[in-house]
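Dear colleague,

Please find below the structure I am handing over to you, together with its sequence. My findings follow it.

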Amino acid sequence: MRFGKLAIVLIASALELAWVPSSLGGVADSPLPELTTGVSTLSAFIVPAVMRFGNLETEFTCTSLSTTSFKFAVEVFASTGGGSINDVTMGNGVATLAAGATQTIATGGTAGLHEDVVISGLGSVKNGSARIVSESKAIACTAYVADRFGAKRCGFGSTTNLGGLCTLESDCGCTTGSNCCRTVPDSMLELKLIVKRKQKGE
């Protein structure tokens with residue numbers, strides 16, 4: 001069987017495209033997801049250095065500056081780029097902010113902090129990144145890497161051992177049930193948030 005030159009070129013092009021891996025560059029050019037049918041989203045913040053391995057989890061806390069409710073979400077990307085690991089269009093990593101409310105979306109649960117939404121199915125993430133997308137530009141966020149387990153320490157109300165390690169409320173000079181001896185992260189590191197390729201605060 002003989003092929004013309006045009007047919008050979010077309011076949012070669014088709015084979016080349018078939019072997020090209022995904023060209024998505026992570027947060028750089030992944031399409032913005034739709035959280036609510038018919039409602040557009042914007043890329044509110046880019047967050048480098050997302051971690052989820054060992055005892056580390058990453059927390060994303062956002063506050064509504066709007067008088068109406070809207071959805072926001074956190075997309076997590078691997079260090080190699082590509083598409084997001086979690087699918088926010090399926091609700092994985094999505095929260096609704098009421099007017100003036102604050103919500104935390106995290107890569108995993110922690111013993112010493114509060115999470116409203118935990119993203120599932122991420123596996124280990126080292127030197128990843130995240131994109132906070134929102135249905136409103138009236139949103140303010142912060143992000144931090146925290147120790148998942150932490151230790152029990154004497155906190156507010158302690159009269160004898162403020163900040164010290166404890167097992168019982170009495171170790172802190174507090175009454176039983178006062179939550180004076182509570183778990184706190186052993187470490188926390190604030191991450192930079194980038195808006196339109198400028199670091200927040202610059």
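The structure, which is a predicted model, holds four disulfides. Counting the bonded cysteines along the chain, their pattern is 1-2, 3-5, 4-8, 6-7.

One of these disulfides joins Cys 154 to Cys 172, with an S to S distance of 2.0 Å. Cys 154 lies in strand 9 (residues 151-154) and Cys 172 in the loop between strand 9 and strand 10 (181-184), so that the link spans distant parts of the chain, 18 residues apart. This link is left-handed, with -80° about the S-S bond, and both Cys 154 and Cys 172 are buried.

A disulfide also joins Cys 166 to Cys 181 (S to S 2.1 Å). Because Cys 166 sits in the loop between strand 9 and strand 10 and Cys 181 in strand 10, the pair ties together parts 15 residues apart in sequence. The link of Cys 166 and Cys 181 is right-handed, at 100° about the S-S bond. Cys 174 and Cys 180 are likewise joined, at S to S 2.2 Å; Cys 174 is buried at a relative accessible area of 12%, and Cys 180 at 1%.

As to the overall fold, the protein has one helix and 13 strands. Of its 202 residues, 39% count as buried. Ile 105, in strand 5 (residues 102-106), is buried with a relative accessible area of 0%. Beyond its neighbours within four places in sequence, Ile 105 is in contact with residues including Phe 60, Phe 72, Val 94 and Ile 119.

With kind regards

Technical notes. Residues are numbered from 1 along each chain as its sequence is written. This is a predicted model: local features need pLDDT of at least 70, side-chain atom pairs count only at pLDDT 80 or more; totals for chains, interfaces and linings use all residues. Side-chain values use heavy atoms; hydrogens and water are left out. Helices (H or I, at least four residues) and strands (E, at least two) are DSSP runs, numbered from the N terminus. Buried means under 20% relative accessible area, exposed over 50%, partly exposed in between (1.4 Å probe, protein chains only). Contact means heavy atoms within 4.5 Å. A disulfide is a pair of cysteine sulfur atoms within 2.5 Å.
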